[in-house]
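Please look over the sequence and the model below.

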Amino acid sequence: MGMSVGKKGFVSEINVTPFVDVMLVLLIIFMVTAPMMDQGLDVDLPETKQVDALPSDSEHLTLTVRKDGAIMLEGYTVPLEELESRLAVLAREKGRALFLQADTAVPYGVVVDVMGRIKAAGIDKLGVLALPSGSEPAPGQTGKSAASR
């Protein structure tokens with residue numbers, strides 16, 4: 001395989017062709033699967049004039065309220081009745097901020113109810129995600145571009 005017998009004896013050479021083939025296959029696999037891993041939730045965030053950038057240095061949680069009324073915590077659907085108990089468990093982990101993003105079509109009363117449950121769970125660090133006025137979210141980054149406190 002890597003060694004062959006020649007006229008002068010053994011010749012040891014590394015055959016890189018199988019290595020290159022494997023690397024090209026892995027490259028194709030990563031190129032196909034990478035766009036699938038960056039999927040966001042479809043949320044139409046409200047716009048505001050003053051928006052701060054979402055902090056990237058610390059781990060934070062994202063709570064999403066979609067226009068159909070579904071509540072998503074880090075991409076997983078959570079019933080409204082279980083929201084407070086699940087957030088209470090997460091509140092024990094100190095230093096993690098929670099960011100709330102709600103679709104513009106969600107009624108104000110629902111957002112206030114969710115915020116009340118967040119406060120009752122013991123989470124004090126709450127940010128509200130919004131977009132700067134006149135901007136369009138990038139595909140795959142719906143709602144995660146800016147935060148307003």
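## L100 in its strand

L100 counts as buried because its relative accessibility is 2%; buried means under 20% relative accessible area, exposed over 50% and partly exposed in between, with a 1.4 Å probe and protein chains only. L100 sits in strand β8. Strands here are DSSP runs of E with at least two residues, helices are runs of H or I with at least four, and both are numbered from the N terminus.

This is a predicted model, in which local features need pLDDT of at least 70 and side-chain atom pairs count only at pLDDT 80 or more, while totals for chains, interfaces and linings use all residues. Residues are numbered from 1 along each chain as its sequence is written, and side-chain values use heavy atoms, with hydrogens and water left out.

What does L100 touch, not counting residues up to four places away in sequence? The list is L63, V65, V111, V114, M115, L126, G127, V128 and L129. Contact means heavy atoms within 4.5 Å. I118 lies 18 residues from L100 along the chain, and their C-alpha atoms are separated by 9.6 Å.

Strand β8 covers residues 97–102. Six of its six residues are buried, so the rest of the structure largely encloses it. Both faces are covered. A97, F99 and Q101 are buried on one side; L98, L100 and A102 are buried on the other.

β8 has a parallel partner in strand β5 (residues 60–65), joined to it by six bridges. Two strands pair if DSSP finds at least two bridges between them. V65 has A102 of β8 as its bridge partner. β8 also pairs in the parallel sense with strand β9 (residues 126–129), over three bridges. In β9, L126 is the bridge partner of L98, and V128 is the bridge partner of L100.

The chain goes from β8 through helix α3 (residues 108–120) to β9, and this β-α-β crossover is right-handed. Right-handed means that, with the strands pointing away from the viewer, the path from the first strand over the helix to the second runs clockwise. Side chains alternate along β9.

## Helix α3

α3 has 13 residues, which should span 18 Å at 1.5 Å a residue. The expected span is 1.5 Å times one less than the number of residues. The end C-alpha atoms of α3 are 18 Å apart, which agrees.

Which residues of α3 are buried? They are V111, V114 and I118. These residues cover an arc of only 65° around the axis, so they lie on the same side of α3. The arc is that of the directions from the helix axis to the C-beta atoms. Exposed Y108 and K119 are on the face of α3 turned away from its buried side. Just after α3, G122 takes a positive phi of about 95°.

## The nonpolar core

The largest nonpolar core has 18 residues. A nonpolar core is a set of buried Ala, Val, Leu, Ile, Met, Phe, Trp, Tyr and Cys residues joined through side-chain atoms within 4.5 Å. L63, L73, L83, L87, L98, V114 and I118 touch the most other members. Two or more residues each come from β5, β6 (71–73), α2 (80–91), β8 and α3.

Take L83. Leaving aside its neighbours within four places in sequence, L83 is in contact with L63, I71, V78, V114 and R117.

β5 is mostly covered, with five of its six residues buried. β5 and β6 pair in the antiparallel sense over three bridges. V65 stands opposite I71 in β6. The two strands form a hairpin with five residues between them, and G69 in the turn has a positive phi of about 95°.

E74 is in the loop between β6 and β7 (76–77). E74 is not a glycine, yet has a positive phi of about 55°. Its relative accessible area is 40%, so E74 is partly exposed.

## The whole chain

The protein chain has three helices and 11 strands. From the N terminus on, the order is β-β-α-β-β-β-β-β-α-β-α-β-β-β. Of its 149 residues, 26% count as buried. Among contacts with a separation of 6 or more, 69% join residues 24 or more positions apart.
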